[in-house]
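Q: Hey, I'm new to this one. Can you walk me through a few spots in it?

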Amino acid sequence: MARIPRRSRIPPRAWSTLVLLAVAELMGMSLWFTASALSPELTAQWGLSEAQAGWLTTVVQLGFVAGTAVAAFLNLADIFPARRYFCVSALLGAAVNALVLVAPGYGSALALRFFTGFFLAGVYPPAMKMIATWFRDARGFAIGTIVGALTVGKAVPYLLTSVEGGGAALVLAGASLACAASGLLVLTTYRDGPYRFERRPFSWRLAGTVVWHRETRLAIAGYLGHMWELYPMWATIALFFGDYFAGGGGLAAAGGGLPGVADGGLTGTVAGTVSAAALAGVAGFGAIAIGGVGAVLAGTWADRLGRERVTIWSMAVSGACAAVMGWLLAAPFWLVAVVAGVWGFAVVADSAQFSAVVTEVAPRHAVGTALTLQTSLGFLLTAATIWMTVELETRFGWRVAFGVLALGPWAGIVAMRRLQRLRAGST
């Protein structure tokens with residue numbers, strides 16, 4: 001059982017601030033996968049191919065990279081108070097996301113999704129910095145909690161798709177209202193903590209320093225291995241479950257685990273009340289949302305056992321699940337649920353720890369540049385790997401698509417083991 005740090009070492013208001021920012025991140029990040037959750041509906045509405053539908057998520061990643069870069073170059077997080085920056089970003093992100101409801105076609109929807117990602121760059125990274133001003137001890141636990149909350153938030157659109165009669169209106173409007181509320185909540189209640197950061201803005205002059213610094217380079221390489229797998233898994237796991245439940249073979253093999261399921265299809269009670277798409281939405285939500293627990297626990301483990309060790313263990317487990325998952329389309333439901341749950345738990349558990357490692361190993365005068373490069377390169381990579389996963393599934397099926405995702409964690413483990421040995425040798 002993970003041990004929560006002693007209260008005596010942490011400012012009294014830190015815990016209430018952690019709850020505040022966790023709730024805000026859960027609501028704010030619900031925008032991210034709205035298009036992915038609605039992929040079948042939008043595909044039918046606009047006559048999209050699977051690759052085109054995949055771009056509705058991929059373009060969010062590109063927008064996020066652009067937003068992160070602009071914020072870093074203009075140093076927005078230091079120019080504007082954190083709560084105002086967060087609030088304005090959340091309100092703008094909510095507005096452009098809601099406009100997808102009235103988008104006249106695919107091209108305009110792509111543009112709106114790009115700007116959704118662009119404005120979420122003012123919701124996601126600032127929250128990490130904001131909570132770190134309240135926690136010096138137990139920072140891994142605190143940041144892990146924020147990552148856990150935003151993980152659940154990203155899963156929410158999949159859950160909303162399971163509500164009968166909701167459709168695009170419920171998913172897009174619900175997520176937008178939640179994001180807008182998160183911005184107003186932070187604006188009216190958040191204040192910075194006592195552990196404020198010195199200004200270390202992005203600098204092109206320092207980019208070479210970061211690239212040539214071996215420890216920082218290895219930490220970023222480990223993060224890239226993690227990101228290779230993370231967002232493609234999140235973006236496509238509900239689609240996998242859609243194929244799984246539509247086929248019905250796995251449910252039949254479950255031996256009557258769900259009422260009315262028999263003979264390879266959804267019949268009787270289930271057919272009358274729950275569609276394959278709704279089941280896929282619930283399953284996708286569960287597989288992603290369980291990562292929230294993983295992120296919190298991994299944060300406490302990293303504080304006690306070491307960040308490199310936790311990242312290595314997490315990538316080993318998630319990579320193994322990626323290699324196996326695509327082979328389970330006809331497997332018993334209990335087995336699919338277990339593997340999906342373990343994968344969802346492990347795939348994001350180490351996420352916050354890569355940034356923490358970079359802050360520990362990068363040259364002190366180049367930390368801001370190192371973090372910006374890490375984030376930008378990581379999300380650029382996810383844009384490619386989401387597209388790649390959709391293409392591979394279309395051409396070769398889930399076995400190949402998910403199997404290729406396992407290559408990222410393997411490469412990440414190699415990098416983090418080297419960093420672990422390097423840091424151990426320097427102590």
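Q: Are Trp 343 and Phe 402 buried or exposed?
A: Both Trp 343 and Phe 402 are buried. Keep in mind that this is a predicted model.

Q: How do the rings of Trp 398 and Phe 402 sit?
A: Their centres are 4.9 Å apart and the planes are at 40 degrees, so that pair counts as tilted. Trp 398 and Phe 402 are about one helical turn apart, because they are four residues apart in helix H20. Trp 398 is buried, too.

Q: How many aromatic pairs are there in the whole structure?
A: A search turns up 28. Among them is the edge-to-face pair of Trp 343 and Phe 402, with 5.0 Å centre to centre and 85 degrees between the planes. Trp 343 is in helix H17 and Phe 402 in helix H20, so this pair ties together parts that are 59 residues apart in sequence.

Q: Switching topic, where is Asp 192?
A: Asp 192 is in the loop between helix H10 and helix H11. It's partly exposed, because its relative accessibility is 31%.

Q: And what does Asp 192 touch, leaving aside neighbours within four places in sequence?
A: Ala 82, Thr 133 and Trp 134. There's also a polar contact of 2.7 Å between the side chains of Asp 192 and Tyr 190.

Q: What sits over the ring of Trp 32?
A: The charged end of Lys 154, 4.2 Å from the ring's centre. Trp 32 also belongs to an aromatic cluster, with members including Phe 33, Phe 64 and Tyr 124.

Technical notes:
Residues are numbered from 1 along each chain as its sequence is written. This is a predicted model: local features need pLDDT of at least 70, side-chain atom pairs count only at pLDDT 80 or more; totals for chains, interfaces and linings use all residues. Side-chain values use heavy atoms; hydrogens and water are left out. Helices (H or I, at least four residues) and strands (E, at least two) are DSSP runs, numbered from the N terminus. Buried means under 20% relative accessible area, exposed over 50%, partly exposed in between (1.4 Å probe, protein chains only). Contact means heavy atoms within 4.5 Å. A polar contact is a pair of N or O atoms within 3.5 Å; within protein, one must be able to donate a hydrogen and the other to accept it, and residues adjacent in sequence count only if both atoms are side-chain atoms. Rings of Phe, Tyr and Trp (its six-membered ring) pair if their centres lie within 6.5 Å; planes under 30 degrees apart count as stacked, over 60 as edge-to-face and the rest as tilted. A charge sits over a ring if NZ of Lys or CZ of Arg is within 6 Å of the ring centre and within 35 degrees of the ring normal.
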